[in-house]
Amino acid sequence: MPGLSDTTSDATARRDDTDAAALPRRRRLEPDERRAQILACAIDMFGERPYAAVSTAELAQRAGVARGLINHYFGNKRDLYLAVVRRMVTLPRLDDMIVPTGTERERVEASVHWLLDTIAEHGSTWVKVTSHEGVGDDPEVQQILDQADDAAAERLLLMVGLADSARSAALRAMVRAYGGLVKVAGREWITRGTLTRPQVHELLADMLMTLVTESLPKVDRRH
């Protein structure tokens, strides 16, 4: 029969084992995984509040990392925001995309569905980034967005069956103008809640159909 001290020691040991089992075990992440974890938290936070209201200290706490790791992987807060902007406007690789087929209307419907899926993935963060609700008039942010608009215009022309027309600066410009409607409609849907996704889909599909069947052919004929 054990003495009192042995019983106490056993009970303490069991309690320590239970407490240790209850504590979350932090898995050691590879650098790319840790960077992706920080970026994912930044995407959420910049979507929840204005740029000025996001602190790297709070971000580090949410991501479960030391604050110095944010500086290590991204530099300062502005550099981290630029990484968020790039992530928001990065399109899937062409090899990973299925280019729709069928009638013009079917291509248009599929293209709009793809656009809205892209917006919905990060919702409010996408809206804030593409509408300049970030660091204000920042030339580097504007350059990233301009390059993304060009890439999106070329991708959309490909999806609606007009890939050869992507070489025309005028056609790309018209599709970029359509992209402005996409951004505003996305805000009405995601941020303001004044339109539903089906309503936004119908609006964008009708406008894109008009662009494809009427506006773009007129520009093409003049060149």
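**Entry 1: overview**

How many helices and how many strands are there in the protein chain? I found nine helices and zero strands, taking helices (H or I, at least four residues) and strands (E, at least two) as DSSP runs numbered from the N terminus. I noted that this is a predicted model, where local features need pLDDT of at least 70, side-chain atom pairs count only at pLDDT 80 or more, and totals for chains, interfaces and linings use all residues. Residues are numbered from 1 along each chain as its sequence is written, and side-chain values use heavy atoms, with hydrogens and water left out.

Next I looked up burial. Of the 223 residues in the protein chain, 35% are buried (under 20% relative accessible area, with exposed over 50% and partly exposed in between, using a 1.4 Å probe and protein chains only).

I also checked contacts (heavy atoms within 4.5 Å). Among those between residues at least 6 apart in sequence, 69% join residues at least 24 apart.

**Entry 2: Ala205**

Is alanine 205 buried or exposed? Alanine 205 is buried, with a relative accessible area of 0%, and I found it in helix H9. Not counting residues up to four places away in sequence, alanine 205 touches Arg105, Val108, Glu109, Val112 and Tyr178.

**Entry 3: helix H3**

Which residues of H3 are buried? I listed Thr56, Leu59, Ala60 and Ala63. Seen down the axis of H3, these buried residues fall within an arc of 100°, so they line one face of the helix; the arc is that of the directions from the helix axis to the C-beta atoms. Their cover includes H2, H4 and H5. Just after H3, I saw glycine 64 take a positive phi of about 70°.
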